[in-house]
Amino acid sequence: MASNGNGSLANGASTRGKPIKCKAAVAWGPSEPLTMEEVEVAPPGRLEVRVKLLFTSICHTDLSFLKGENELQSKFPRILGHEAAGVVESVGEGVEDLAAGDHVVPIFNGECGACAYCESDKTNLCGTYRVNPFKSTMASDGGTRFSVVDGTGERRPVYHFLNTSTFAEYTVLDAACAVKVHPKAPLDKMCLLSCGISTGVGAAWNTANINTGSTVAVFGLGAVGLAVAEGARLRGAARIIGIDINSEKFTKGKEMGVTDFIDSKACDKPVHEVIREMTDGGVDCSFECTGINDVLREAFLSTHDGWGLTVILGIHATPKMMPLHPMELFDGRRITGCVFGDFKGKSQLPDLVDKFMNGRLNLNFDGFITHNMSFSDINKAFQLLEEGKSLRSVLHF
């Protein structure tokens, strides 16, 4: 199936209700390169949509799962990927808020809009469709929508990943995990809202509530860390300190609003002591974006006693535990985790996109896209990310 010039589908009616064969990058096991396979994508089930993906990008979470770092991928073969944008090809029974031709962004942390969690203003989790790294099937029936004929000629199910599975030309999503966006929004940029930008910007806005004059420390200047800096910049933070072991990231950090840089490898004392000296006692908020326990401790200790807040954004390996003593929280410092920037995806992201489109939000999407590549080059894109040579490689189908 082809799309026309503005991304809408040209012949969706001809495939509605039928399986579609397409290309997908399949993970057959941890630490194995993805292989391009022809997969069959079933029609969407109840409360599901099938989406023709036009762009997908690669996040460190995809890399860590592919390498088996968190021991969460017990099901193979699997289609990874969770940052993308595309056009709805067809909808399943009961879907009322989406239709064929809608431009959508998949989200790994869904929102049904009707459960106690979705109706609460205290969380962005959903009772049914929240992020679940152990989940590998669809919510409606516990089945998969992907299948492949393996080397022996046997048809095998291919399992899902983070509610999204975007390393394929077509994917099936729970409707709760598909966000309808402005029809003229550039989808190559919008795909970054599936994870990186929403997570980092939202952490600054929603979780930490950064405001004018705040002091901030960002540990790890990958895409999420830089999105935190971008969010803090947009909120008027007075000082944004970026900490990384790769000094080459400092140029990009400055573009995103970072005002001060610390090369943690070059410090002759613990980083938190350096930050306390720089900020007269510590920053108001710190953000841990590395998934490294020792870094988390430095982030926690870099905040000001009495009111400092540390936000955890990094994906930490199992079974490591928090590097804190409970009594350390008695000095007024707080620590919290953050999922998807505390955004309620379906109800809040469309407004963010609308503000970007009408010029009321100057969010620097382009600054995060370091490479534009063909989907067939996906393993090269993973290599660039692992070597620290890319922030986001956007792959086009």
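**Pro-319 and the cis bonds**

I began at Pro-319, which I found in the loop between strand 14 (309–312) and strand 15 (334–337). Helices and strands here are DSSP runs numbered from the N terminus, with helices being H or I of at least four residues and strands E of at least two. The peptide bond leading from Thr-318 into Pro-319 is cis, with omega near 10°.

Before going on, I noted that this is a predicted model, in which local features need pLDDT of at least 70 and side-chain atom pairs count only at pLDDT 80 or more, while totals for chains, interfaces and linings use all residues. Residues are numbered from 1 along each chain as its sequence is written, and side-chain values use heavy atoms, with hydrogens and water left out.

I then looked up Phe-76 and Pro-77, which are also joined by a cis peptide bond, with omega about 0°. Pro-77 sits in the loop between helix 1 (60–66) and strand 4 (83–91).

**Pro-30**

Which residues does Pro-30 touch, leaving out those up to four places away in sequence? I found Leu-66, Lys-67, Gly-68 and Phe-76, where contact means heavy atoms within 4.5 Å. Pro-30 and Leu-66 are 36 residues apart in sequence, yet their C-alpha atoms are 5.2 Å apart. Pro-30 belongs to the loop between strand 1 (20–26) and strand 2 (35–41). Its relative accessibility is 43%, so I logged Pro-30 as partly exposed. For my own reference, buried means under 20% relative accessible area, exposed over 50%, and partly exposed in between, with a 1.4 Å probe and protein chains only.

**Two positive phi values**

I checked Leu-162, which is not a glycine but has a positive phi of about 50°. Leu-162 lies in the loop between strand 7 (155–158) and strand 8 (170–174). Is Leu-162 buried or exposed? It is buried, with a relative accessible area of 7%.

Asn-209, not a glycine either, has a positive phi of about 50°. I placed Asn-209 in the loop between helix 4 (196–207) and strand 10 (215–219). With a relative accessible area of 47%, Asn-209 is partly exposed.

**Helix 4 against helix 5**

Next I took helix 4 with helix 5 (residues 223–234): they pack at an angle of about 45°, with their axes 7 Å apart. The axes are lines fitted to C-alpha atoms over the stretch in contact, and angles run from 0 to 180 degrees between N-to-C directions. I therefore wrote the pair down as oblique; under 35 degrees counts as roughly parallel, over 145 as roughly antiparallel, 65 to 115 as roughly perpendicular and the rest as oblique.

Helix 4 brings Gly-196, Ile-197, Thr-199, Gly-200, Val-201, Ala-204 and Trp-205 to the contact, and helix 5 brings Val-224, Ala-227, Val-228, Gly-231, Ala-232 and Leu-234.

**Gly-225**

Gly-225 is in helix 5, and I counted it as buried because its relative accessibility is 1%. Leaving aside neighbours within four places in sequence, Gly-225 is in contact with Val-218, Gly-220 and Cys-289.

**Helix 8**

Last, I listed the buried residues of helix 8 (residues 293–301): Asn-293, Leu-296, Glu-298, Ala-299, Phe-300 and Leu-301. Their cover includes strand 10, helix 7 (271–278), strand 13 (285–288), strand 14 and strand 15.
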